[in-house]
Amino acid sequence: MTEQVVVAPLLAALVTAVLALALRSYPRLQRGVSVIGGGAYGLAVLWLASRVAADADGRLVYQVSDWTAPFGISLVADPLSILMLGLTAVVSLAALVYSLSFMDREVARLSYHPLYHFMIVGVTGSFLTGDVFNLFVWFEVMLMSSYVLVVFYSGPEQTRAALLYSLLNLVGSAVMLLAIGGLYATTGTLNMADMTRRLADPAAYGIDPAPVLGISAVLLSVFALKAGIVPFQFWVPAAYRAAPAPVTAVLAGVVKKVGIYAVIRLYFMVFAATSIPVSLPGVGGESFLAFFGPVLFVTAAASILLGGIGAVGQEGMDGLLAYSSIGQIGFVVLPLAVAATAPEFRVLGVTAALVYAVNHGLAKSLLFLVSGAIRSGTGTDRFADLGGLAGREPILAGSFFVGGLALVGIPPLVGFFGKLLVFDVAGRAGSALGLAVALVGAVFTIAYVTRAWNRGFWGEVGPAVVVSTRQPVLVGVTAALAGVVVLLGVGFDPLFAAAENAAEAALDAQGYVDAVDPATAAEATGDGAGALNGGVSP
């Protein structure tokens, strides 16, 4: 059955993780299997993407057992999950190849490769799951692996960072589990399609939307924590500086996007058609999305401003990139905030967020890998000890230049189109404050990227650069990833089409319900697809 292809990426990552664990006594074979598995994961994603594109409905559903939805475990592949899986495949393979030269082989053979692939298993499951409880399960698979990878070097800095990272995420996971329990008690289901159907007509199912609103607010704080959005960003700088460079690249480029994906999937589909009961003073009658729009805007603006200010003041490359990641994720959330309050621009807003998410995932991963190569070659990432790298390592400098310009938004790189779409949706929606925040964030981005370039790559050759060693494999990986950033910008149309299809799929609640639970989908028609889709017709 074609639906079975849905589990192909998940199985590729899982089998690779198990084999890497079994082969820990054979380090050379383990590394070979790890890289082959990373390539197989990418091929599985391509296979799944081709099947989804060929499907008339644009969705494939796999039921893990004989139990059908909403009782069984559903895995759903649609354009939104495919876009995120594609980003995961590119970043994870680049970071994996980079790891072969970057990580100490004797240390890495015991746990690095199995943990790395188990982390990808968790990411993949999060993008494919069709129910809220298994979203929690896959979150935990992803996070348990990342806990160990953050502390992989086992030094004091790594231990402190891992303790903070683990503590905050464990608290977040406990809160998430309680919220999921509350959703089940209130709606009677955890299947996303079934929950969407029920919340579109809560009176028919005896559901009180008021507690659902409160529970969804709690869940939003958990997803904000996972994505490192202000005010839940405290773990980001320490964890990103402590983890090995390839791990940080995946954390910033992929793992953060799981929280963004969850916000889009749940709030723009599952909760979108639900109205706040009029019994709540001051907010009654509005949709859930209209309620969360200002919340998302405040968190986006705070992330952009705090991340920009923090990045400008850093004295090291890793610290600058860590704070930059906080600011850049704000650019992903900003168009979602606008889209939440302006239904007529909802498709454009989600499209802008997805394009910028892809840009951030690739560019920030590239920059962290460049920083790791610099640290590996010179022994430091402090600007005071660097300088003149452009003359000694022109390819590495060029890779940083491409990644930095992608964050700034210079044409024809993909970051230009992402930033243009963010400004476009804010302008069309008449959000002067949104335009102002985006403009200030763009100025901060120019400031810290310019500072990093001037102090690290131009000027006199620093003392650490004089005695630096060349890292050809690391430089080659960064150059290849920089090439991907350039190619996606020059040939932007396919990426834009993919992001737009993903946005339409994310907003097409009726289509999702029909695909996952066709036996009971007729019950969701009520006032038509427009009602189930929150008034938006993709």
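Mentor: The largest pocket holds about 560 Å³ of space. A pocket here is an open set of points, on a 1 Å grid over the protein atoms alone, with protein on both sides within 12 Å along at least five of seven lines; the volume is the space filled by probe spheres set on the points, which are joined across faces, edges and corners. This is a predicted model, where local features need pLDDT of at least 70 and side-chain atom pairs count only at pLDDT 80 or more, while totals for chains, interfaces and linings use all residues. Residues are numbered from 1 along each chain as its sequence is written, and side-chain values use heavy atoms, leaving out hydrogens and water.

The lining has 22 residues, and Ile82, Leu83, Gly86, Leu87 and Ala498 lie nearest the centre of the pocket; to count as lining, a residue needs an atom within 4 Å of a point. Helix α3 (79–102) gives the largest share, seven residues. At least two residues each come from α2 (27–54), α3, α13 (346–378), α19 (472–490) and α20 (492–507). Helices are DSSP runs of H or I with at least four residues, strands are E runs of at least two, and both are numbered from the N terminus.

As for the strands, β1 (residues 60–63) pairs with β2 in the antiparallel sense over four bridges, where pairing takes at least two DSSP bridges. Leu60 stands opposite Ala77 in β2. Strand β2 (residues 74–77) is covered on both faces, with Ser74 and Val76 buried on one side and Leu75 and Ala77 buried on the other; buried means under 20% relative accessible area, with a 1.4 Å probe and protein chains only.

Notes:
Buried means under 20% relative accessible area, exposed over 50%, partly exposed in between (1.4 Å probe, protein chains only). On a 1 Å grid over the protein atoms alone, a cavity is a set of points where a 1.4 Å probe fits but cannot get out, and a pocket is an open set with protein on both sides within 12 Å along at least five of seven lines; lining residues have an atom within 4 Å of a point.
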